[in-house]
Amino acid sequence: MNKEIRIFSPGTVSNVACGFDVLGFCLDHIGDEMLVRTTPQQGISITKIEGYDLPYETEKNVAGVSAMALIDDFQPDFGFEIEIYKRIKPGSGIGSSAASAAGSVFAINELLGRPYNKTQLTAFAMKGEAVASQSEHADNLAPAIFGGFVLVKSLNPLEILNLPTPDELYAVIIHPQIEIKTAEARAILPKEIPMQKAITQWANLGSLVHALHTSDYSLLQRSLQDVVVEPFRSQLIPHFDEVKTAALKQGALGFGISGSGPSMFAVTKGENSARSVEAAMRKVYKSSNLQFETYSSKINKEGIQTIS
């Protein structure tokens with residue numbers, strides 16, 4: 001059995017416009033690194049954190065909580081040390097907490113010889129994710145673990161569906177340097193929605209799933225519409241409407257809020273289109289006083305990966 005492993009745990013986009021709490025996809029080259037090693041002493045200890053100020057206490061750190069859920073089930077007669085090299089800013093809306101929660105259970109599972117499948121790993125990671133968002137959900141965790149596009153069919157029992165990813169699909173992320181906490185972004189949402197909006201939303205989700213299966217980019221473009229969540233959460237994000245208009249005018253297939261925000265995403269057909277859309281999005285924020293970052297990424301079909 002290997003005694004040490006280094007992994008890359010990617011960022012993710014959840015909700016994907018019409019799929020609130022059930023749909024997500026995995027990003028490429030945007031993510032955290034983690035180093036996990038076995039120790040003679042039982043339990044989980046977090047020994048190093050670089051990048052952002054996160055708690056070292058196992059029970060307060062999302063990576064520690066998810067790791068404890070796994071070892072409480074497996075009951076090994078040894079323990080694990082975790083080093084976290086945090087590259088995804090907490091509260092960014094691209095799955096920062098999910099990268100930590102998913103990364104620790106993936107790495108430990110590898111060191112144990114892969115006794116658990118990806119769905120089981122997602123269930124363990126949900127315990128850690130709940131520390132950050134005050135609720136168990138899997139629409140960031142599952143894409144990080146499974147890769148590509150995923151649909152969370154059910155939480156109880158947990159059922160994850162891996163959806164096809166069209167080869168030419170790219171994502172562009174713009175991250176204004178403000179923080180929106182998941183709990184706050186949930187609080188702004190209405191408790192009830194009109195029937196007509198619900199019908200429109202689930203029709204969009206159904207047609208989006210079909211578009212992914214058939215690589216129908218035109219249908220995908222017509223499906224990436226959010227009539228339930230975006231009207232409320234977009235109010236928390238400066239210049240949202242201007243950035244969306246610029247991205248769509250430049251040829252983006254769709255545009256929306258990544259997770260709880262403040263990051264926003266556009267999807268495009270092809271790398272050249274992604275670069276044009278990224279430039280158009282950057283132009284909007286350059287005229288403001290807000291600091292921001294942008295990323296262009298092919299959809300990552302592999303999910304978490306071991307680094308040699």
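A residue is called buried when its relative accessible area is under 20%, exposed when it is over 50%, and partly exposed in between, with a 1.4 Å probe and protein chains only. This is a predicted model, in which local features need pLDDT of at least 70 and side-chain atom pairs count only at pLDDT 80 or more, while totals for chains, interfaces and linings use all residues. Residues are numbered from 1 along each chain as its sequence is written, and side-chain values use heavy atoms, with hydrogens and water left out.

**First stop: helix α10**

Select residues 271-286, which form helix α10; helices (H or I, at least four residues) and strands (E, at least two) are DSSP runs, numbered from the N terminus. The expected span of a helix is 1.5 Å times one less than its number of residues. For the 16 residues of α10 this gives 22 Å, and the end C-alpha atoms are 22 Å apart, which agrees.

Now colour Ser273, Ala274, Val277, Glu278, Ala280, Met281, Val284 and Tyr285, which are the buried residues of α10. They cover an arc of only 165° around the axis, which puts them on the same side of α10; the arc is that of the directions from the helix axis to the C-beta atoms. An α-helix has 3.6 residues a turn, so residues three or four places apart point the same way. On the face turned away from the buried side, look for the exposed residues Asn272, Arg275, Lys283 and Lys286.

What covers the buried residues of α10? Among the covering elements are β7 (169-176), α9 (240-249), β8 (254-257), β9 (264-269) and β10 (292-298), where contact means heavy atoms within 4.5 Å.

**Second stop: aromatic rings**

Rings of Phe, Tyr and Trp (its six-membered ring) pair if their centres lie within 6.5 Å, and planes under 30 degrees apart count as stacked, over 60 as edge-to-face and the rest as tilted. The structure holds 7 aromatic pairs. In one of them, Phe74 and Tyr116, the ring centres are 6.2 Å apart and the planes stand at 70°, so the pair is edge-to-face. This pair links distant parts of the chain, 42 residues apart, with Phe74 in helix α1 (residues 62-74) and Tyr116 in the loop between α2 (96-111) and α3 (118-133). Phe74 is partly exposed at 34% relative accessibility, whereas Tyr116 is buried at 11%.

Select Tyr285 and Phe292 next: their ring centres are 5.7 Å apart and their planes are at 40°, so this pair is tilted. Tyr285 is buried, with a relative accessible area of 0%, and Phe292 is also buried, at 17%.

Select strand β5 (residues 149-155) and strand β6 (residues 158-163), which run antiparallel and are joined by 6 bridges; two strands pair if DSSP finds at least two bridges between them. Val150 stands opposite Asn162 in β6, and a hairpin of 2 residues connects β5 to β6. In the loop between these strands you will find Pro157, which a cis peptide bond, with omega about 0°, joins to Asn156.

Helix α6 has 20 residues, which should span 28 Å at 1.5 Å a residue, and its end C-alpha atoms are 29 Å apart, which agrees. Its buried residues include Ala198, Gln201, Leu205 and Leu208. What covers the buried residues of α6 includes β2 (23-39), β5, β6, β7 and α7 (217-223). After α6 comes Ser215, whose phi is positive, near 50°.

**Last stop: two cysteines**

Which cysteine has the sulfur closest to that of Cys18? It belongs to Cys26, and at 19 Å it is too far for a bond, given that a disulfide is a pair of cysteine sulfur atoms within 2.5 Å. By this rule the count comes to 0 disulfides. Cys18 is buried at 3% relative accessibility, and Cys26 is buried at 0%.
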